[in-house]
Amino acid sequence: MQAQNHGWISSFSFLLFCASSVPRQEGRRLLQELSPQEYFSSLQAGRASLAYFSPKVSPGAHPFLEQIEDSAEALQDYGISVVKVRCPKEEVSRYCGKDKVLRTAYLFRGAVLLREFPTDALFDVNAVVANVLFALLFNEVKYVETLADLQNVENTLKGRSNMVFTYVPATGTAEHRAVMEAAFVYGTVHQFVLTTEAVLLRDSGNEVSSAQMLFCHCQLVTDLSQPCRRTPMGHSLTLLNIHRHLKLMGAPLVTEVAEDPEKVSTVHLQLGLPLVFILSQKETYEADRRTAEFVAWQLLGKAGVALLSRDLLDLNVLLRSNVALKTPEEGVPIKYLSLEDTDEVISLVEDKNKIEQIQEEEEEEEQEEENKEDNNQDIQDDQVVEAVSRDKKQELPLEKIRVLTEENFHSTLLETTRTVVLFYASWEAVSLAVLRSYAEVAAHLQETQGLLLSRVNCWDWPGVCSLENVTQLPALRIYRRGELAVLYDGMWGAEELTSFIILSHVSCPLKLDTIDEAESYLRGELPWELSSYRRTSLLGVFGTAASAAREAFEEAGNILSGHVAMGMYLEDDALALSHKYAVSPPAILLARSGGQSVEGIALAKESAQEMVQLIRNELLGTFPEITVQNLPQYLQLRRPFLLLFSAADLDRMQSEEMLKLAKGRAQHTFVACWLSLKKTPVGRGILKAYFATVPPLPLLIWVNLHVGGQVFQFPPEQSITEVNVLSWLERLKAGLEIPSSTLSAEDWKPPLPAYDFLQMMEAAEPSPYTSHQHGDAPAQSPPGSLRGDSTVQEEPSQETKAEKIASAGRDLRGTAPRLAAREKQGKRPSEL
């Protein structure tokens, strides 16, 4: 009801102003001329009137009477009548017959005298209206002369009402009249305070050049020690400008929009001001809300701010767009932009040419990126960056991955049994490539109970990454309630990530209580959490007595958690189980191909690290297929490769011969393996590096990448059999074969160094928890700061919270992942 009354009063004020501007009909006299008896008998209780008592002379004889007559029209709009009382010559009374009376005007309310005005104070219409209304609004408009008086008024209003504080150089001016006319309408809504002391305006931190009005937001302040935030009116003091300013101050600070923004209409648009939309999503709603509030305070009185949710509307705009601008002009479409920080949003409103400038820069950047796709050596030198750049127009399906921030990180970890967190940087190519794999994992595991997949953009939330000691990006960790986080250190493909997350769901090693459980485990009947796991499983078999081998196996399980399914059986009948597979405890039983074959390995008293290496070697397989994902594991063995290249799948006969070869002598001297060019196209590039052109397939080679780099080709005229290959290997050992080529001795290093995120943050800013300012960055470096420099003014609900917005509400976080750094100030990254 209060809001409705306020809207009615605001509308009435505007209509009142318009009505006062309509010219009166010519010849209509509003100044009444009455005798003293007629005047006093006509007075009505509660109705104000301004009376001037004078002898019966021509009105034109007195300039004052002309001003009185001219003011009658304006005062009538406020229900105040103006009367000239004719004093008979013979009458001598309080109001007639004395020189002082003839130089005084009287203001009555009913029959009660409120104020006497010297006629020289009513020198024109503005002075008449201003002084009369000032007298009538004595209780609604407080006049202050000292800073203490102003502070006392402000303290009484805190938590209750807002204050309109106005400085005018002198009373009776046009500005004074405009303030009084506004107070006549809005005096019951806001407390009006007036001063003619310029020092009060200077003490409040404002420059004094002319009349000025400040809207003081005292209603939101609950702590008396906190001052009221002040929003100055940036226009001259006219009734229309004051009405417009007060209407803007009464509008919601931030409007939440859940409809087509083209159809949105707010008081700002109605008053000819633009409306800024901050695009948000549910994962970053709180941060985006604070950003919108911060921007709204900076633009208060200049533009409106609305929070537009992507989740509630199907916006046909680029993911990177995080701000939209709607202008009050009819037929002008909404402009969607990608901005770096709130300073750019503010300048977008204050500088009308900024929109065209930003759009031109974005178009130039997109054109430059398109031109660079074939020529940019930095991109071509790094295949990851090239792939990300090539797919930059494709938006990632990230709706199944929760966004974590400084506020919800720790609380989210307590929501579910397991929380997977990907730490990444939205501007870095490897991070974005991993984010694509992570999106595939999220789609595959979305129905898994007790599992939450989430992500932290370390460039937006450096405090989280610093506290978690994330120094290299990307990084993936699995948090389990009450346990230490498990760090992933494998390949970044979707399959590898999925396997790691699945395996980490169960204890490693998993203790089995009965021999039936152990037998089921070896047959591939794994716990339901591992139902989709189809790789080699290990079962450690130990006696009930404590042993060094068992302790080493348990420690190895902790190290390999997430990388392999490991079980452990140590009951009294463990001996019977191990004898079934021709080994004695302590031993490891390997169940390959989902339990189709089981082999036993006797254990000595190995250390935990030796046990880890043993398990990793056994998991590699006897005659494995080399892929991009598993190649690093075989390179770590630092053994020569006996590698069979095939156009597609292996011939059955060749596969059997190579398998016999591998089982015989290869396990500890070299790696017998094969590679399909159909499944692993990069193999074609390997062959070109070895032979300049791709020779006929199948092709068997021997290469030692760690010693010499010589490449030997098995004679193509011979059939690939165990006997022929062994004979050829003996000739190699004797130095009787000539290498087909020799590889360069150059070290294999990544095209680009790894990013030490924390070191970069420490070098760029003194504190990673509150801000992160950076200068211009070269290509493949972090983008510029996401923060502004100006101070926030106020929180809409709690004054004490307003100070926090200054450090937490300036970023355009979460609304648009960025691809890479700007090469110069003003460049904006593209979205993946």
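Let's start with one residue. Ser309 is buried, at a relative accessible area of 16%; buried means under 20%, exposed over 50%, and partly exposed in between, with a 1.4 Å probe and protein chains only. Ser309 sits in strand S13, residues 304–309. Helices (H or I, at least four residues) and strands (E, at least two) are DSSP runs, numbered from the N terminus. Setting aside residues up to four places away in sequence, Ser309 touches Val257 and Ser280. Contact here means heavy atoms within 4.5 Å.

A word on the model. It is predicted: local features need pLDDT of at least 70, side-chain atom pairs count only at pLDDT 80 or more, and totals for chains, interfaces and linings use all residues. Residues are numbered from 1 along each chain as its sequence is written, and side-chain values use heavy atoms, leaving out hydrogens and water.

Now the sheet. Its 5 strands run in the order S1-S3-S2-S4-S5. The sheet is open, and the pairing is mixed. Two strands pair if DSSP finds at least two bridges between them. Which strands are at the edges? Strand S1 (32–34) and strand S5 (112–118), each pairing on one side only. From one strand to the next, the twist averages 30°. S1 pairs with strand S3 (residues 81–86) in the parallel sense, over 3 bridges. Gln32 stands opposite Val83 in S3.

Beyond its neighbours within four places in sequence, Phe192 is in contact with residues including Val164, Tyr186 and Leu246.

Last stop, helix H21, residues 548–559. How far apart are its end C-alpha atoms? They are 17 Å apart. The expected span is 1.5 Å times one less than the number of residues. Buried in H21 are Ala549, Arg550, Ala552, Phe553, Ala556 and Gly557. They cover an arc of only 160° around the axis, so they lie on the same side of H21. That arc is taken from the directions from the helix axis to the C-beta atoms. The buried residues of H21 pack against strands S22 (537–541), S23 (565–569) and S24 (587–592), and against helix H23 (608–619).

Definitions and conventions
Axes are lines fitted to C-alpha atoms, for helices over the stretch in contact, and angles run from 0 to 180 degrees between N-to-C directions.
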